[in-house]
Amino acid sequence: MGSQSNPQMMKVVAGDAGYLLEDVPHLTDYIPDLPTYPNPLRSNPAYSVVKQYFVNVDDTVPQKVVVHKSSPRGIHFRRAGPRQKVYFDSDEVHACIVTCGGLCPGLNTVIREIVCGLYHMYGVNKVLGIDGGYRGFYSKNTISLTPKVVNDIHKRGGTILGTSRGGHDKLKIVDSIQDRGINQVYIIGGDGTQKGAAVIYEEIRRRGLKVAVAGIPKTIDNDIPVIDKSFGFDTAVEEAQRAINAAHVEAESAENGVGVVKLMGRYSGFIAMYATLASRDVDCCLIPESPFYLEGKGGLFEFMEKRLKENGHMVIVIAEGAGQELLSESLHSVDLKDASGNRLLHDVGLWISQRIKDHFAKQHKMDITLKYIDPTYMIRAIPSNASDNVNCTLLAQSAVHGAMAGYTGFTVGLVNGRHTYIPFNRINERQNKVVITDRMWARLLSSTNQPSFLGPKDVIEVKKEEELPTQLLDGELCKDDKSGTMSKSSALLGCLNCMQ
Ligand SMILES: Nc1ncnc2c1ncn2[C@@H]1O[C@H](COP(=O)(O)OP(=O)(O)OP(=O)(O)O)[C@@H](O)[C@H]1O
Ligand SMILES: O=P(O)(O)OC[C@H]1O[C@](O)(CO)[C@@H](O)[C@@H]1O
Ligand SMILES: [Mg+2]
């Protein structure tokens, strides 16, 4: 195998038949001759019974699992899990955990499992909680985390550490890490957080510090690329069902009842798409990635009139980032940003509800009864469900194994159902979005039987927009798309777009 580094410091290892390993950095890349220690799990009675508990150093996970017989083997990521050798003596480890960005079900479970994993698997008992996100490194006191302190926290929503947006000051954060003698940093957060983690890792590397930086991706919006999905996503979708169900009950009980539910999803409409697919009560799902219009032929109002005539009621699910251009146009407003630089959105749910009411009142064709439900924060402020709890546990343990093994500058994540270490540059290169020319959106359209609101010209535009720079090998197409009409970026997306 040949190894090469590209200008963004990506470690790429090429192998036979088009095999590529997008590897993660290791402390020994910039600190030579680090001592190693046998993994303490070897003598841990709980693990010594497990055959092949340790992951082979050469194990990798393919990004694409659907291939043709002549396909190149493609991109792979390093498989997560415990290694035979570790690069930290247990007594030497001084870890810290920070949570940043918006809330997500399961944050406390991940915190708990990092603390317990370090303690029970590796005998580490120095773990600090950083209070209130990145700014907490330099402006707040820390919290000492022990298995006892975190014992029950998985039953609570939110994060016991607190979180925040903005306040990422690279130098102050790394000074604080250095001053406190921290040598493992676990950073839980979304796309912005992972970008911040990459900056911290680079500064740590520049200073030549023996500090492992591990990211644990958190995004109910599913806007982080490469990974199948984040912990908390399933819980959020499940909770969204309750709101959709209420909207449906209200709509069904009134003459020409209309239920409107606004769900989270700033730039990516995955929650709305999955909640719609799960529910079967939704007549129309509107997401940021799919432009729509209200008036005229093929517009939302025309579809509503038809559906109400047919069924006597209907439910619309709208992601908070959908139709923002329409709103800005009609409100003549300026763009505002939050402390992290994310666009602050107008309330599309209220706006569309009013527009629908105005339309039907003006037309005098139909009296409607509209109920608007906004459960946005409710779906992310709850504790995680059983399957997300399992997911959180495995992610946390994988992060701990990776840091102990000396890997750094990585995000842990599920790729095709297997736990992997993904380099920060790969996670941070773009935002994951619903690809509306892809199979999953088509499935939604056939499930709701709603219009796509797109003319042939729009489809060409959408496809052009999706032609992002890609690292796919020549000739690779999205999954089993033989026609070649699917964009390469579609082929790069995680399984929430293409799931079979
Ligand atoms: N490009 C960047 N470089 C350094 N730090 C960043 C960058 N983008 C965001 N951050 C920092 O990361 C933290 C979290 O970012 P943000 O508020 O965007 O949330 P997030 O992690 O994307 O989570 P979510 O959007 O899912 O709520 C903030 O403290 C922010 O300052
Ligand atoms: O927590 P804030 O700042 O209100 O931001 C809300 C945003 O956070 C998210 O929940 C992502 O974490 C988005 O879906 C939503 O737009
Ligand atoms: Mg974000």
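1. A nonpolar surface patch is formed by Val334, Leu336 and Leu344, which together have about 300 Å² of accessible area. Patches here are made of residues with over 30% relative accessible area and no salt bridge, like charges being joined within 9 Å and nonpolar side chains (Val, Leu, Ile, Met, Phe, Trp, Tyr) within 5 Å; a salt bridge is a side-chain nitrogen of Lys or Arg within 4 Å of a carboxyl oxygen of Asp or Glu. Accessible areas come from the Shrake-Rupley method with a 1.4 Å probe, and for residues only the protein chains shown count as cover.

2. The model is predicted, so local features need pLDDT of at least 70 and side-chain atom pairs count only at pLDDT 80 or more, while totals for chains, interfaces and linings use all residues. Residues are numbered from 1 along each chain as its sequence is written, chains are lettered from A and ligands numbered from 1 in the order in which they are written, and side-chain values use heavy atoms, with hydrogens and water left out.

3. Val334 sits in the loop between helix 10 (324-331) and strand 16 (336-337), where helices (H or I, at least four residues) and strands (E, at least two) are DSSP runs numbered from the N terminus. Val334 is exposed, at a relative accessible area of 64%; exposed means over 50%, buried under 20%, and partly exposed in between (1.4 Å probe, protein chains only).

4. Around ligand 1 there are 16 residues, the closest being Gly102, Gly166, Asp191, Thr193 and Ser340, where near means that a heavy atom of the residue lies within 4 Å. Oxygen atoms of ligand 1 lie 2.4 Å from a polar side-chain atom of Thr193, 2.6 Å from an N or O atom in the side chain of Ser340 and 2.9 Å from a backbone N or O atom of Gly190. On its own, ligand 1 has 620 Å² of accessible area, of which the protein covers 84%.

5. The residues around ligand 2 include Gly102, Lys218, Asp221, Glu320 and Tyr377. Arginine side chains also approach oxygen atoms of ligand 2, with polar atoms at 2.7 Å for Arg380, 2.9 Å for Arg165 and 3.5 Å for Arg266. Taken alone, ligand 2 exposes 400 Å², and the protein buries 81% of that.

6. For the protein chain as a whole, the secondary structure comes to 17 helices and 20 strands, and 56% of the 500 residues count as buried. The accessible surface is about 21,000 Å², 51% of which belongs to carbon and sulfur atoms.

Notes
A polar contact is a pair of N or O atoms within 3.5 Å; within protein, one must be able to donate a hydrogen and the other to accept it, and residues adjacent in sequence count only if both atoms are side-chain atoms.
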